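Thank you for asking me to look through this structure with you. My remarks follow as numbered points, each of which can be read beside the model.

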Amino acid sequence: MAETLTKPHDEEPLIEGNQTYASLTETVAGVVQRQKDHPKAWFVAFVLGFGLVNVLLLSITYLVYMGIGIWGNNQPVAWSFDIINFVWWIGIGHAGTLISAILLLMRQEWRTSINRFAEAMTIFAVMCAGMYPLLHTGRPWVAYWLLPYPNILAMWPQPRSPLVWDVFAVSTYMTVSILFWYTGLVPDLATLRDRVKNRFAKVLAGMGSLGWRGSAKHWMRYEQAYIILAGLSTPLVLSVHTIVSFDFAVSILPGWQATIFPPYFVAGAVYAGFAMVLTFMIPMRRWYRIEHLVTMNHIDWMAKIMLTTGLIVFYGYIVEVFYAWYSANPYEQFMMWNRWHGPYAPAYWLLILCNGVIPQLLWSKKNRRNLKLVFAVSLVVSLGMWLERFIIIPVSLHRDFLPSSWGMYYPTIWDFGMFFGTIGFFVMMMFLFVRFIPMISIFEVRELWSRIRPQRAEVKEVEA
Amino acid sequence: MEETKTQTGLDIEEIRRRLRGERGQRYWRSLEEVAETPEFQQFLEDEFPNRSSLLDLDRRSFLKVMGASLALAGLSGCRFLPKEKIVPYVKAPEEVVPGKPTYYATAMPFAGSSIGLIAKAVMGRPIKLEGNESHPWSLGASDVFSQAAILTLYDPDRGTTVKNRGFVATWEEFLAEARKVLPQAKGVRLVVGDAASPTLERQLAEFQKVYPGAKIVRHDPVSRTNALEGAKIALGREALPVHDFSKARVVLAVDADFLASMPGSVRYAREFAGTRRVDEKNQSLSRLYCVEPAPTPTGILADHRLPIAQADLEGFLQHVAYLVGAASQPGAANLAPESFWNGLAKDLRSAGAQAAVVVGDACTPAAHALAIAIQAKLGSVGSTVRYVAAPRPRSDLRLSALLEELESGAADAVLFLQANPVYSSGLGERLAKAIGKAKLSACFDLYETETAAACMWYLPAPHFLEDWSDARALDGTVSIVQPLVEPLHDTLSVHSLLPALMNRPSEPLAEVRKTWSVDDKTWRTWLNEGVSSVPKAAEVPVPPTLQVPAGGARRVDGFEVAIRPDPTVWDGTFANNGWLQELPKPFTKLTWDNAVHLSFSAAESLKVSNGDVVRVTLGERSVEGPAWILPGLAKNTVLLHLGYGRRAGGRVAEGAGFDVYPLTSEDSPWGGVGARVEKTGKRAVLASAQMHFSMEGRDIVRMGTMEEYRRNPSLKPEHAHGEAPRDLTLYSDEEKRREQEGVQQWGMAIDLNLCMGCNACVTACQAENNIPVVGKDQVQRGRDMHWIRIDHYYGPRAGDGSGDNPTHVVQPINCMQCENAPCEPVCPVAATVHSHEGLNQMVYNRCVGTRYCSNNCPYKVRRFNYLNYQFAQKNFDRKEDIPLLKLLNNPDVTVRGRGVMEKCTYCVQRINAARIEAKKKGRDIRDGEVVTACQQACPSQAIVFGDMSDPNSRVSQIKRNQRNYALLGELNTRPRTTYLARVTNPNPEIEA
Amino acid sequence: MARLFSPVANTIARASLVAAVALPVGAIVMGSVVSRSPANTNVGVAFEQPVPFSHAHHSIELGIDCRYCHTSVTKSSSAGIPSTETCMSCHSQIWTDSPLLEPVRQSWAEGKPIRFASTGEVGWNRVAKVPEFVYFNHSIHIARGIQCNECHGNIQEQHMTAKGKPFFMKWCLDCHRKPEKALYVDEQQPALTPQEKVFAFYRKIQEGAKLSARELALKKGRDYQPSTEELRKGQELVQQLNIKVKTLADCSICHR
Amino acid sequence: MSHAIEVSQGPKVYGYIAEFEEAEQLVQAARKTAEAGYRDFDAYSPFPIHGLPEAMRFKDARVPWIIFFCGVIGAIVGYGLQYYVTVFDYPMNVGGRPNHSWVQYIPITFECTVLFAALGAVVGMFGLNGLPRPYHPVFEAKNFERASEDRFFLVIEASDGKFDAEATRRFLESLGPTEVNLVEAEEV
């Protein structure tokens, strides 16, 4: 696959049109410089996001005041929306790291136009995810006990617990993502520093760029560090979702205790992540007139990756069924039966539809290049991935070993408040990002251009 | 002032006044009275620091702690509690050692009988009731009602002062009024409840001398009249049967729940259990036949259970009498298959003196008479049963007669002594109006009941733990009811009230001693023992041959209504008791509601499903309530429970369930035939603590017949996986085994052969471990907090397939204290880890509430405080915080605040107390020194707890029984709580 | 190009880097220091009391046994706070008109708990307290021969009563993990049972008998590091008393 | 010879800067400059240019090593912490698992490794680059703002032993830049 992707099959270039370093810089940096003319859509989206953020704040306040009881969680379903959303968001985050790190290592040049954007998405998604483990605890004000620090209680976290692994994994992931993102940002901030007129913005950019001056020596060390960071992030991103899947895999609950989980969670994460990138990129490239940087090829390739990971995930579903049968374990078998015929069966079949069936549309190139359709599919996939976690968490919990303690789970408005609240937060942050930070890595685009542009002679002609 | 009362149930002003010390200083009194004041809060805080709670930490200094903790690493938190005061006594009471409990023997009057109890008090606060070993009708065990009675003591909704037409008044005013009216009243009537107190009887008799023409009306909604009448028919004298099941080899229970709800059941359960223990040596089981319209806990243990309409029971007994030769003509032979009759008759005859026939109070007098005849014929009178004189005389006047008198004005002064006929009789509204006509009407009761609302005067009665009295048990055994605290409220003992009405004021203690003029020494021994040496009730002789009129079956057309006291709130007396309201009822596991119980086939024919509101019409009266399908009901029997639909009597009681009394009448308190049931189209939400009643073919409750047991003593099903082999593990156990060497290892065994699911353990655990009540809404969301629950399943052999007579099995489930506890490795903060004694410890103050442990618990025994449940009665947001309830808390158990996980601890507080005492004596804990709350309460001693490392301990011996098995053992959790498979003893000659 | 920053900016930049690292670290260090200091633990902080009761005066100068006031210390979890009656048993005879004792007499007269003359607050200010969720039992510790001073510091020397030790979980565990550190036999009167030894120690203090280094440290409320020899003896005691050390650090020993 | 030009006060000379339009030109220029024996010179470009460091005969492999060692430390810290906590400081029986359940310590060990290595990478890289350094003499050069956009610069610094005002300027002009300028800075 790497092969086919490196050289665009048809002759469409990675950057379209006759560009110069200046024009490329202008396109991207211009978005930040020209604060006046932002598309209407920006304001609509921002206001929407901001509104939902207030819902989030309200939900959190009431939650901390009253307790987890305001949610639908109960015995036996002690985890539900809280952990569903946590896993969902973490998953979404993964696409960013994947694009910026793995594709970098695979020398996928087309990543250049989307990595900055995807990385930003990672950071905000992880922020959303991070809220849940903290807030889902019964006593959030002592949640810091999960951190190891010498204290007068002589107590430590219990490192056998996947939740402690989560703490380390998620915080590491957050830190590394920010470092990676910021490192990539420094040269572009230098560009802004040198371009923007507004004194205040200039100083801000100046501070952010750490006095970057594009020295060749700096560039060399920079690239060394950058590529190794990528090398580190790659196993990291895999480990993070593996560990998240351990939250379930190390338990003894039918439907949780499955060796397939790590790969299948990671694939799912990438799947959801690319869906989210597309959901944002498709409108953005139009609104900000960057179609020549984020070309139809990009859409096409992302769609392909979605299709691939989607198939892996679907394989996961099949394997789960196989295990249930092959294990000859009555509890496992009942778990599967319950998914198919139990009270939550509709959710399961909807999941199969969203994640298994609909994405098959992407086999056809025509569809992959049909923006509306790809956009729709990515929304469907996002929903599907959420449903997958719904099936895994509450539906496995609500009927486990002793029929006497079986129960049902019904979410409350506060469950939804938290969920949509974080979505609002994500949207708001993304739109603040595109407005104040170059949404495409300018220096990498220049670098790419310097290699793929037509021969200089032709350029001269064009200029003449 | 009126306001404060109704809101807090405690009169602040009053307390302030008393605090100013106007009553001089009487220690207990002041302790209770200052309950509201900050001083008192501090007092509790410091005199028994154990009492106070995480909750307090959370509430009082949540912000401080939070802010600080975030700012500074490693703060202990305790610094941030406000500076506290230690309030010492002025004069230390002799008998009290601070922080040490004191125990008093007393007795609880209940349902015309009584049970002997030991009350545990800490610093003057009664906090727990246990059975009294030396009391013949407790034998150290107890039932749900005696376990829950302690909550009523602290119930904030209890009446606190005298009221006149709803306005606060004083006793003086009432007595003045009464003394004025009574002498020239045309007819003085006393309506007394079911209390069986000799002193009260003596005073009533005296009252009738002082006020000639005064009549006594006995009102007990759950009456034993039929039994008395039956005895009259057979023996010519009113008498009650007293059984001895320890001698019984064959028991025929006819609609008689003698193991759980009949008076005397606590002792009966113990006796019966004695005949049901099976191991290698003893393999002779008694056999129990149950014939009943509605399934009862007794029916659960039956070897043969036959659902029969209650109208047919008489005919059934007639036929039994015929078959054993106690009656000349046959009865309703069509009720059971031939083989059943033969088998039963053969068993009864061969058992002879060792046969017992128990007949429920709902059976007709004729049925009771027949039972007596049968036992006389079998010669079992004197061995398995004897008949004793009733503990108290009958009414002078029927309630209906009283009603007419009141309406006609023939009676114009009526006093209700702990009786609530306006609610608990079919006469309801009419009676209420009639009472209004009387010149003087007063209601003396714990709560401001419906009757109180109808009377001019409400007189607050003391709780039995606040009052001197005496009570007779089933066989006439007299116990002295001893108070533990001075009355919390402005109450007056009934034993002082009556004398006061007779113009000779007197103290209750004096009155009780007057009844039993014995010297102080004897008196003191009575108090210590909890049992008096007063002769028991006289036995009624049974002639060798006696003739009884033939009984016959009434035709059942349409449905028949069977009305029974509720298994948890009884006749409504306990309707305001949150523990009992939330106690899942046997079979249905319903909480906070009663229901119209229908059999499968009835539900099918009516197209009714659980929660459909139906109208039940009997005669011209009808009630509406939500339907609930109860497999095991006789096909056309509709079971209704009393005690709900209270219109007054406390915030907990009001609004729960629907009132069934309108369908009752004095002549037919137990329902009747010819009822109609129709759908109303409305739906109601019921909160059931269990939703799924099938074992799904899983190896959960192991059971089998005697033959099966002989063939396969473990009774492990072929398909079942069984316990995982010990060596199947990644890690070696060596390390852990070394750590457990020389340390006592706690374990528990529960014999499913003895458990009939009476719920006593559940309530006992709730009382011992400060377990909160969460309310209907939360139960419905699946957040009930019980640490031990009784799982109910329809057994493997589901009766005749119609689902109308399935085998019922119950299984008490508490924390299994797994050796490989799945909950522990997943806890991120080590809030739940293992002790060297093998306890799965739960450290509340370390818990951050991730709930992961609960997810990973295959038994789902962990409970999470989703909201602040403590000290609330009904509303579980932080608004409701009832200080009075704090007095009830066990100081040795942390009160859990919201956001922490909790679960059964094997009563670790009791283990620690025992250990400390043992260590002070320089030894280890002896077997039997630690008794868990559930074990202590269990009437049939199905629960045994002890040290597994000692091969001679009782628990070790029992765990060696081949029937012993680990629940979900295949998960290799290695539970410390194990079960003994259930063995039934059906008659091989009867095909099921 | 007009430069954006002047040379001094470099210095500022580096300084701010240092600060960015130093500040959080400093905050955490500060936090842990404060949390272990009297500001948090109250060790050695004497509160105002309704009556300026002096343990030094009563226990050493007058030689009153601890158990005279703390009646239940050997029987129960709670040591017990003396009732007004207890105070009056002497102070109805001596210092009968001392203004300092007015609150006691008033309490006795009114039959109400003692209160601050100034504010009217009821009761004594609590000095030694473990959190609510900790279940400490005095009697077993005394029975094992743990001196009051192990937890209450130099109580016999205090004129104004103050908390002697920090009462951290870590501090409790220190003994619960190595009880041999605190267990010892009084060489001068080895026959005594551990419990007798506890109170004999205070008689020794009163009589001014000569104290071993350990006893001196106890009296002064100082931490004492026992020698290996003493530790060995301590071990023997642990054996004799059949103390199951490994269970002592189990959560349920103190938390229920 | 570096004292050929004496600047007693006022701005000091930082060096000569040559501006180019194309990356290739810069690479050529850099190679020639290095061949000409200049040492203290640097090239500035709006994006990393492959072959440029080689052309400048500039080598530095310290960053990878820093990262490696940080990673190792991270691993030790991660595993060590867990081992210390569960085996030495407060061993507890957790669900019957041995105190040293190494299998379950792997995830945290891995995460710590990555965390430390990543921090090492970023801190090391910027550290070796001497950043943050908001002020640098070269910022005072003419047109230098375009170094972050579309222009390529070569600076020969006055500190170079071979630096000579005239010769160096001529040398730079010989490389075919768009223009050559003297860089004077407040501080060098």
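1. A residue is called buried when its relative accessible area is under 20%, with only the protein chains counted as cover. By that cut-off, buried residues make up 54% of the 188 residues in chain D. Please keep in mind throughout that this is a predicted model.

2. Chain D contains 5 helices and 4 strands, and when they are read along the sequence they follow the pattern β-α-β-α-α-α-β-α-β. Its radius of gyration is 25 Å, whereas a compact globule of 188 residues would have a value near 16 Å. The C-alpha trace of chain D spans about 80 × 35 × 30 Å along the principal axes.

3. Of the contacts in chain D between residues at least 6 apart in sequence, 78% join residues that are at least 24 apart. Chain D exposes about 8,100 Å², and carbon and sulfur atoms supply 60% of that area. As for charge, chain D carries 15 positive and 25 negative side chains, with the centres of the two sets lying 5 Å apart.

4. Buried residues account for 48% of the 256 residues in chain C.

5. In chain C, 66% of the contacts with a separation of 6 or more are between residues 24 or more positions apart. The accessible surface of chain C is about 12,500 Å², and 64% of it belongs to carbon and sulfur atoms. There are 30 positive and 23 negative side chains in chain C, and the centres of these two sets lie 9 Å apart.

6. Where chain B meets chain D, 13 residues of chain B are in contact with 11 residues of chain D. About 1,200 Å² is buried between these two chains, and carbon and sulfur atoms give 57% of that area. On the chain B side, the residues that lose the most area to chain D are B:Y731, B:K736 and B:P825, which together make up 48% of what that side buries.

7. In chain A, helix α16, which covers residues 442–452, deserves a careful look, since 9 of its 11 residues are buried. Among the buried residues of α16(A) are A:F443, A:R446, A:E447 and A:W449. The cover over the buried residues of this helix includes α2 (21–33), α5 (115–135), α6 (162–195) and α8 (216–249) of chain A.

8. A:Y222 and A:T183 are 39 residues apart in sequence, but their C-alpha atoms are 8.4 Å apart in space. With a relative accessible area of 1%, A:Y222 counts as buried.

9. Two cis peptide bonds should be noted when you follow the backbone. One joins A:Q75 and A:P76, with omega at about 5 degrees, and A:P76 is found in the loop between α3 (40–66) and α4 (81–105) of chain A. Another joins D:L131 and D:P132, with omega at about 0 degrees, and D:P132 lies in the loop between α4 (106–128) and β3 (152–157) of chain D.

10. Where do we find a positive phi in a residue that is not a glycine? One case is B:R851, whose phi is about 65 degrees, and this residue is found in the loop between β33 (840–842) and α27 (852–855) of chain B. B:R851 has 1% relative accessibility and therefore counts as buried.

11. Another case is C:N42, a residue other than glycine with a phi near 70 degrees, which is found in the loop between α2 (38–41) and α3 (55–61) of chain C. The relative accessible area of C:N42 is 17%, so C:N42 is buried.

How values were computed. Residues are numbered from 1 along each chain as its sequence is written. Chains are lettered from A and ligands numbered from 1 in the order in which they are written. Side-chain values use heavy atoms; hydrogens and water are left out. Buried means under 20% relative accessible area, exposed over 50%, partly exposed in between (1.4 Å probe, protein chains only). Contact means heavy atoms within 4.5 Å. Accessible areas come from the Shrake-Rupley method with a 1.4 Å probe; for residues, only the protein chains shown count as cover. Lys and Arg count as positive and Asp and Glu as negative; His and the chain ends are not counted. The place of a charge is taken as NZ of Lys, CZ of Arg, CG of Asp or CD of Glu. Buried area is the accessible area (1.4 Å probe) that two parts lose on being put together, summed over both. Helices (H or I, at least four residues) and strands (E, at least two) are DSSP runs, numbered from the N terminus. The radius of gyration is taken over C-alpha atoms; the globule rule is 2.2 Å times the number of residues to the power 0.38.
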